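Open your viewer, get your selection tool ready, and follow along from stop to stop.

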Amino acid sequence: MGLHRSPHRGFSAEFAELRGYRPGDNLRYIDWRMYARSDRFFVKQFEEETNLRSHLLLDVSASMGWSSRPSTLPTKLWYGSTLAAALALILLRQGDRAGLAVFDAEIRSWVPSRGGRRQWVEFVRKLDGLEASGTTDASTAIREVALRLHRRGLVVLISDLLVDPAETIQALRYLVHRNHQVMVFHLLDPGERTLSGTGDARFQDPESGEELLVDVSEVREDYRDAVEAALEEWRKALRPSGIEYVLVDTSAPLSSMLRAFLRKRSRVG
Amino acid sequence: MTVLTPLALLGLVALAIPILLHLLRRQEKRTVVFPALRYLKRSTREHARIVRLRQLVLLALRLTAVVLIALAGARLVLPVGGSDDPPAGVAIVIDNGLTSGAIVGGGRVLDSLLVRARQALGRMGPRDQVWIVPAGSPLRPAVPLSPNRAVAELERVEPTDVPSSIPAALSRAASLLDAAAPELRELIVISDLRSEALESIDPSEQPRSVRVVIAPPPGISLTSRGVGEIIISGGLAPRAGEPGTIQVKVLGGDLLGATVRGYVTQSLLGATLADVDGNAVLPLPRLPAGWVEGRVEVEPDDLRGDDVRYFALEAIPPPFVRVLGSVAPFLEEALAVLEEAGRIRRSDAVTPQVVMTSGGPGLEGYPEATVIVVPSEEAALLPSLNQALSRLRDGRSLQPERNPNATELGVNGGLLAGLLPSRIEVRQAYTIASADEDAAGSALLTLSDGRPWITEWVSDSGRRIILLASPLGLEASNLASSASMLPLIELLVTRASGPILEGEIVTGQPFTLPDGAATVSLPEGIRRQVEGRRSFRETERSGVYRVLDDQEQVLALVAANPVPPTSTSGLTAAEAATRLRPVWQGAVEGERWPTTILQERRGREVAHALLLGLILVLVAESWLASAGFRGSRSEESPGS
């Protein structure tokens, strides 16, 4: 079980399938036995187990530093950092390369994609002590990452997606266009999915400082509908483009979430 | 709208509590950091405005609750009548009598009263019936009106010179209400409450239970000085061509030095000053024969109505008098004195206008003349007098006194009693008997036991007869030796020589019209047709009323004068109610004017309605505060 199977057919040790010979194919891989039996040239194809280049993009904007229950529930940043570290560990252990980009409105720090155990140490060092601040501009960060990645690979976005959906989706599609495999982990605090409390309250956006006076009881149902609609919009916008979308509830244990995700990927193959 | 416990209104101070709480809560509104504001904005684009609106509505509901509690505690009384209540009948007695025309503080007293009348009408519903009863216009018909039309009717009310009587006006108003018989009825008195306007209460009258609301009077003190009485030529009938005097009695305050002016047919007679008692004398010039009118004035003050007093008199030539038969020597002497003074004329060559006799001959001759019958001192001649009287077929006779030793009687009543300078004591008097109790006739003088002493009537043959019940001797009475002898004889002769007409009346009282009267010209020049009428009643204005025949010739002049007020300050409403209560038991002073009007209908306490409203407000407040506008949605909170 791994984070990924290689999408690229290569000529490695593990046989994959036969196909008809085309001019220009390496003669080394002609299956002579098949030739003897069928009097036709077939070329052996092998599944390449490559050293995958993966890049983890972690959103560290101010909204990520929020927890609906600070005493019992981690912030989205903590959850995202841990998730990024876990994914990096998995990737590195299966011999892939992993890189890291930490961004808010722009890329704040960059760890080039490398393999090896030292890379994990570098990851942890970068992830440790991150603080949520600033506004989010995911699309700019994604486009910048796309420009920095010259070879195709896996791009994993870890964010609460409190961003402009249209621009962000366009940026992610651009990554796909550049032949990257893209995954999106959408972190959602349970307090963001359902409003709690009663009475009037003035809600303040930690990034923009914008305030809104509402009666919680009054808007609770509409809010829930609005959140579900937004999640559905993300889902519908990303999946047709081949972008894997994973909704992550920060109240769920990270291990169980990760195990369920990997099991699902292994089934999909 | 009234409150029965005004102190409870202090509870309205509690209005500050919800206002302060509202302001404090606005300050203390919790701010929650919430990153997913974009989702919140998607669902609450208009919500913040609604929340603010709801907070204002909540504040309004809480303030309303405080107000309702305070009003319920204050025992609010509201005019909750209207369309559901049966229409009420209200008669407004408005005092437009003499004193209402006084000018005080630049305005008429009546104007102050009209303001109160309009306030009273403002308390009535559109279906109520209103009668406007002007106390100073007793003959003015009152018809039921709507409150709106009654306002217009009030504009037509003007001060008159009639001495108003509130009890009389109340009786008239109550009769109107009795006839209409509304379920709820009320009388309202709007007056300056002069003492004399409330004096004519008859305690023997049947008590009335209808509610009478007395409006508070304007509280105006008048300065009034008026002409109280005038006596022309000492009370004797004026004779054409003879000079005379006008004795004037000025009433009121500050009499000394008051200037008195006299006029005859618009010509100034002269001016003089009143003495300390208010007496003044003006000369009366020689008058031509016929009707003469004039007036006496003092300087105007607040109350102009009594500053002028009118008079009308007919100056006639001395009448021809003839004595038939033997009469008492004192009577002969008196006639001689009057003749010498030019007050009468005696001539055998001229047909007399007046015949004086003690028996039969005078009653049968000179059918055009008026007969004055003076019984003889000889009792034996009484039967022959009675025989002569019986021939007239009037059924009258003189009957001997039943108790000849009766105590002396005084002459203290009758039409002429006030004109006599001294009191007459009667020791012997026949009883003037009449077979027909309903026979027309008037007692010119009556005795203290009520018997007529001098009676006047017109016989079936059209002859006027004046009959005395006593001989004019010293044994029968002291008249012959008193100062009243000459005036009485002259009064009798004058009355006998002319038509029976009142030369002066009190404003508002009717006067008898002479035969042939076709029109009456009012003091202001308006004419009224009076053909076929026996009396004229439209005498609200002081002045001289001219009675004309169909040839426009003056038949008579009648002077109408007000009775000067005796009080310059009015009663309070409470004092007036006390005076009225022996008869008008439901009289109440309008202490909280005009809210006491129709209090039975409008005096309902609305505490129950207020408490019900309070409950509704509290329910609405609770619902709004807890569930919001969409209270059907209830969402449990996963945590706080």
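Here is a short tour of cores, a helix, strand pairs and a chain contact.

Before you click, note that this is a predicted model, in which local features need pLDDT of at least 70, side-chain atom pairs count only at pLDDT 80 or more, and totals for chains, interfaces and linings use all residues. Residues are numbered from 1 along each chain as its sequence is written, while chains are lettered from A and ligands numbered from 1 in the order in which they are written.

**The cores**

Start by selecting A:Leu56, A:Leu57, A:Ala84, A:Val156, A:Ile158 and B:Leu40, the residues with the most contacts inside the largest nonpolar core, which has 64 residues. Such a core is a set of buried Ala, Val, Leu, Ile, Met, Phe, Trp, Tyr and Cys residues joined through C-beta atoms within 7 Å. Buried means that 20 or more other C-beta atoms, placed from the backbone, lie within 10 Å of a residue's own. Colour helix 2 (residues 76–93) of chain A next: its 9 residues are the largest share of this core. Helices (H or I, at least four residues) and strands (E, at least two) are DSSP runs numbered from the N terminus.

Now centre on A:Val156. Beyond four places in sequence, its contacts are A:Ser54, A:Leu56, A:Leu57, A:Leu87, A:Met183 and A:Phe185; contact means C-beta atoms, placed from the backbone, within 7 Å. Another core, of 53 residues, lies apart from the largest one and includes B:Ile92, B:Leu110, B:Leu113 and B:Ala150.

**A helix in chain B**

Select helix 11 (residues 573–580) of chain B, where B:Ala573, B:Ala576, B:Ala577, B:Arg579 and B:Leu580 are buried. Look down the axis of helix 11 of chain B: its buried residues fall within an arc of 160° (taken from the directions from the helix axis to the C-beta atoms), so they line one face. Among what covers them are strand 9 (208–214) and strand 34 (584–589) of chain B.

**A hairpin in chain A**

Strand 5 (residues 97–103) and strand 6 (residues 107–114) of chain A run antiparallel, joined by 5 bridges; strands pair if DSSP finds at least two bridges between them. A hairpin of 3 residues links these strands, and A:Ala98 stands opposite A:Arg114.

**Where the chains touch**

Finally, show both chains: 27 residues of chain B are in contact with 32 residues of chain A. On the chain B side, helix 2 gives the largest share, 7 residues. Strand 9 (residues 200–204) of chain A pairs with strand 2 of chain B in the parallel sense over 3 bridges, with A:Gln204 partnering B:Val33.

Technical notes
Buried ≥ 20, exposed ≤ 12 C-beta atoms within 10 Å, placed from the backbone. Contact = placed C-beta atoms within 7 Å.
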